[in-house]
Number of protein chains: 2
Amino acid sequence: MIYLIFMLMSLLRNTLLLVVVLLIQTSLLPAQKYKFVDPKIGVEGLGNVFIGPSCPYGMIKPGPDNKKAANSGYSPDLDRPVYGFSQTHVSGTGGGAKYGNISVMPFSGDFESITQESLRTDEIVELGYYSVQLHKWNIQTEITTSPKVAFYQFSFEAESKKAVKIDLGQFLGETLIPDGREAQQFVSSEIEIVSDVEIRGYSRIRGGWNNGSAYTVYFSAVFEQPFSRFSTWKNNKLFPNEKLQIDSGEKTGAMMFFDDLKESSVRMKIGISFVSTLKARDNINKEIPHWDFDKTLAETEARWEDLLKRIEIDKNATDDQKTMFYTALYHTMLMPVDRTGENPLWENNTPYYDDFYAIWDTYRSSSPLITLISPSREVDIVNAMLQIYKHDGYMPDARSGNCNGRTQGGSNGEVVIADAFTKGLQGINYKLALKAMLKDADFAPGGNEEKEGRGGLTDYNRLGYVSNRFVRAGNRTLEYAYNDYCLAVVAKGIKRKGEYQRFIKQSDNWQNLWRDIEDNGSHGFIMPKDAKGNWVDSIQCNANNGRVDYIPYTPLAQDWPNCVCWWCGFFYEASSWEYSLSIPHDVAMLIEKSGGREAFRKRLDTFFDREYYNVANEPSFLSPNLYHWIGRPDLSNDQIHRIIDKHYNCTRSGIPGNDDSGAMSSWLAFHMMGLYPNAGQSYYLINTPYFKQTVIHQENGNDFSIVAKNMSDRNKYIKSASLNGKPFTKAWIEHSDITAGGTLVLEMDTKPSKTWGTSLLPPSKSDH
Amino acid sequence: MIYLIFMLMSLLRNTLLLVVVLLIQTSLLPAQKYKFVDPKIGVEGLGNVFIGPSCPYGMIKPGPDNKKAANSGYSPDLDRPVYGFSQTHVSGTGGGAKYGNISVMPFSGDFESITQESLRTDEIVELGYYSVQLHKWNIQTEITTSPKVAFYQFSFEAESKKAVKIDLGQFLGETLIPDGREAQQFVSSEIEIVSDVEIRGYSRIRGGWNNGSAYTVYFSAVFEQPFSRFSTWKNNKLFPNEKLQIDSGEKTGAMMFFDDLKESSVRMKIGISFVSTLKARDNINKEIPHWDFDKTLAETEARWEDLLKRIEIDKNATDDQKTMFYTALYHTMLMPVDRTGENPLWENNTPYYDDFYAIWDTYRSSSPLITLISPSREVDIVNAMLQIYKHDGYMPDARSGNCNGRTQGGSNGEVVIADAFTKGLQGINYKLALKAMLKDADFAPGGNEEKEGRGGLTDYNRLGYVSNRFVRAGNRTLEYAYNDYCLAVVAKGIKRKGEYQRFIKQSDNWQNLWRDIEDNGSHGFIMPKDAKGNWVDSIQCNANNGRVDYIPYTPLAQDWPNCVCWWCGFFYEASSWEYSLSIPHDVAMLIEKSGGREAFRKRLDTFFDREYYNVANEPSFLSPNLYHWIGRPDLSNDQIHRIIDKHYNCTRSGIPGNDDSGAMSSWLAFHMMGLYPNAGQSYYLINTPYFKQTVIHQENGNDFSIVAKNMSDRNKYIKSASLNGKPFTKAWIEHSDITAGGTLVLEMDTKPSKTWGTSLLPPSKSDH
């Protein structure tokens, strides 16, 4: 209304208008969420997040490359130069790097060298926008993006020789070792100067972390202003004025010179495609048919705003809290990547997503968060996974560059399917999904046991556990047991009794590796067993100058990478202390086997107090919530807030581990809302939120609010709760209660409640 | 010398020269071998051979398509129209069709319909040349080819409206069933009118017989004369003058009209590539940089001549014999296809071959024949197989469209490797080869057991045979046993004792399915066994109106396709009578188990007399030679000549079964020379040749001659033999004797010899 009055006034007082409108936008109207996103969070330390602009689930991710081994291309170390801006990146990953294709670089100079790099200053990083000053030549490079097209603006010094190179031989993770594990390998490239404003070509690369087969990134680059001269190159040899370097398995590129330029800025749009160069050009025509940089940026901001505003937090939250929360949502929606219409493998009329990197990381909290924010998106993602099963034989556990790989443990597609099923997502063929899950459970992937499916399945299906004949036997067994539980849940839901009975039984298989030993005061741990059924007490370790030694295997032992290779330990990236608590479907039985509630409480206390808990890795994601199962949500709460306050913040190193495509971020976002999902199951655990009010504006039109009454630094415990005005004594809530819309009110108090969350405990399989 | 004299004379009498030279060429000088090649042999009946022009191992195989389901595109049924000339075909295959991509079609008319087809007359089929009259419009289409480029010449009626269409939505083996087994599936296509003389684009297809993943055939088509109008189309909708139909997952194409044409002929060159459209154009520039149709044809003839002339047969052989022999050589060298420089999967600086279709067919006689004619080629092919192992995880047993699949029985790459190794081929990394073979032997292929590796391996390695839990358990067991023998031979040769001992033992595994039963007077057959070790006497058959019946399983039973699916029988495509004789490494033990020499002779007689022998399929390829192992090469001889004289000839139906990429043809060629290899081993069995003299001009420069002295219709048995003048009493000869060069003289007689070939029998494993 205020806005309307001013609009009317504007007819009379045009000069005043601008000032007033600006005032309104910055103070009176609700602040836009996207402005709280800070893509710099997590670019230092272990976060490895992508720093450049990207649309939600955006296919193109243009950004600076400072280091071949950097997963996101970026290095915060300012002593490292920018050697190019490539169009494809992933966010938050570890291990060998992937992508970094189609590298562009402005420079000042002549046909001197293919290598062009510069130190940088004045980095500006905002949602949808990246800017940097290339110190060597004083060139400002600005980037924004649409889903498949990057928009570059290079501002040169007036009198400089202005040039831009496109280098198809650059990519991340290159090593000199042929077929080096986790290294990307060059296959071929091709470049064509189509006109004095357009260049097309492609780069074909294989390998990388997932050891994928070859993928091809096609591009079309168009300039606003014609270049006056150019030189292509092949295999480091320059060919001035030669328009074409045809694919002969070698590295190619081109440099363009703008000798006659009147403006100081060169603008370039670069579209990519995974099917053809002409499709890449078409993507430009469709997404950015103009030269208005700010318009593209505004559209990208609007795309994000549409998603971010679906979760509205208390406007009185601190700026730091808002920044942490909305940045966490942003990180969650960078991947997987929407490649619909860009699938070179099969009929392209269904949703297609790539860069599941990895589901092992994202199934726990990222998928559930996407389901909460935009269930229709999650339906598309699940359907893409089913198409991958249908055509490639297995759902991915990880996938990148149009190729499945690698599996760290389980076949966690099962959890994603069960999560969708139990939360009632429509538009998924659950019969086909059951087939896909049964493929994992029944058919060993064979020759390459780290590509997809379940490695060590022959053991698992014969012995009920994976024996120490196989690497990662411990977490494989645990994860398969939970995968089986998820399979059973869906089987039951679609009335496939036989499968239900088989797999609900198999979901107890974790117990086959449960050894009743004591360690640091706690009893019972998942421990290695050989194929004959004997416990394995020690492992071979070659640590002492090549002398073969055996060292005891204990629940705190980390056989990797000290004794065996990173991927060769009994557990992947964690100890038995961590993994032994990871029984998401049967915490009640876990408690029983640990010696009952009191012993379990002690165990958890030891776990956190002695820092056996690893904040930086996914296997422990659920662990801080386990106190819920002994009726002590207040203790969960203490741990969660301690973890967040200690390890997360809104600085550049504000993410405590690899963000893993947003996994760490989504964990944070959920807990800041006071909810945490047990993925694969239909409920959320309730904890003290960081906000006095959170409103989830759902796709179905129903709003769900979480209100923390009287919350303060002192009033940090939930005394009681009500749902839509009725008493709500559980410390967990069903997804259906949320989708129905309504309000969950949490009454806060200074001390833990003796009643709330103490009786009706969260579900466990052995309850039934 | 005569030639020289005439040359001198020519200085004086130029006019006479031409006449004389022509005389010399047609009578006095040796006739060119390629002229005896008749590509029509095998295009009728079961042969399924490709009828169009092709270079040796040529990547492009342009030819007419008359029938979607035809493996070679061609149908001899003249009631079937030509609906296009596509650029990719295979030769001699069965099952679901593959390829048939980038279909071109001349027509007379206007923008009427995308469908253009015509009945045909006046087919002319010669090596390197195909011509047909399209009856509907009276257009002659002539085709010749270089390795990667097809050259078309369309001759229209003078006053007609001249047009050519390029249809990217056409391909062989299309069905309406989504994901139909063995059917090709459309993925996407793209077309661009680059100028008034050039069109580029691609077609992306998946599936087909090997159920392969998507492959892309890129093309560039250039016309000699500019077209005046054009229309592209997408999804059956015409877009006149629209230059571009971008990949959106739909069928596209273009038709070009030559309104202003002065000539009556339109000439078009079409290059293909598996990496890019520009590479396709580059292939044209490199291979046919002119418009001289006859020159291209002559070059292709010369390429063939260079290979064919390496085996020189008696010039007094009948024309029919020459035709049969040289056509057989020709068929052997159509596939696999040389795709060096066209590999989109990995670094392309090593030999790359595709269309192993299938090694199951070709390992027995095609590979050995290539080794004899051009060992350097076979080295390249083996190295390509090893690269495939290295990057795709397994050597192919079959491969097409850059994708492994399918396996009919064994992992017969082992036989190809052992054949190369025992014949001393240099330039192959046999350590890597052993790794590739061990991959087959140790790692079950998993999820898809018909793609590569060894299906049912878990049984085989645990039980020593494949049980009836798995399909094709019979021939899988037999073939794995022989594959293991081949592995053992190479392991021994490179001093890997452990592997040798393991696999030489496993090579006896065929005996685990040898059941001592009697059938039609013979004893002992390979029969099905269950996983518990019990013989299986009957199989379930649903033949009677859905009532489940069990029928006895006998050595003559064909459970497929009567009771179970084609691929689901105990044996693949043959009976136990056939397969039980297929123990190439241990015929001596086979004889012993059959009850000794006399019983074995009777068994073989029964086999041939009662026509249990199937001339049309590979499992029986060695069987006619088995009499050699009981010291009766004369009886082998009788069978072989009877088989050839009855089943092979030089008519259009002159090949008795699917030629299978030249497998049937190479069997014939060997036997016409009087040699037959036992693939995987280093020797050839000797039989009465069809020629009085055969000279093998070897790559190493050494000629090896086989002379059949006094051979006549009556003198059809070998009485005695000598090698380089020394008596040679064996009915088999080592490959090293051939490569050393020399002459094998066979003295012929009217009756079987009592001494020659009767004592030193061909090798068997159990001899040692």
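Modeller: Contact here means heavy atoms within 4.5 Å. This is a predicted model, in which local features need pLDDT of at least 70 and side-chain atom pairs count only at pLDDT 80 or more, while totals for chains, interfaces and linings use all residues. Residues are numbered from 1 along each chain as its sequence is written, chains are lettered from A and ligands numbered from 1 in the order in which they are written, and side-chain values use heavy atoms, with hydrogens and water left out.

Biologist: Through which surface do the copies meet?

Modeller: They meet through the same surface, because 100% of the interface residues of chain A are also interface residues in chain B. The contact takes 34 residues from chain A and 34 residues from chain B.

Biologist: What area is buried between chain A and chain B?

Modeller: The size of an interface is often given as the accessible area lost when the parts come together. About 2600 Å² is buried between chain A and chain B, and carbon and sulfur atoms give 51% of it (accessible area with a 1.4 Å probe, summed over both parts).

Biologist: How many salt bridges does the rule find across the interface of chain A and chain B?

Modeller: The rule finds 4 salt bridges there (a side-chain nitrogen of Lys or Arg within 4 Å of a carboxyl oxygen of Asp or Glu). One salt bridge joins B:Arg206 to A:Glu347, with the closest N and O atoms 3.0 Å apart. β9(A) gives the most to the side of chain A that touches chain B, with 5 residues (strands are DSSP runs of E, at least two residues, numbered from the N terminus).

Biologist: In what order do the 9 strands of the open sheet in chain A lie?

Modeller: Strands of a sheet pair through backbone hydrogen bonds, either parallel or antiparallel. In chain A the order is β4-β5-β6-β7-β16-β11-β10-β9-β14, with antiparallel pairing (two strands pair if DSSP finds at least two bridges between them). Strands β4 (120-126) and β14 (244-245) of chain A are the edge strands, each pairing on one side only. Between β7 (residues 149-155) and β16 (residues 265-273) of chain A there are 7 bridges, and A:Val149 stands opposite A:Gly271 in β16(A).

Notes: Helix = DSSP H or I, 4+ residues; strand = E, 2+ residues; numbered from the N terminus. Buried area = accessible area lost by both parts, 1.4 Å probe.
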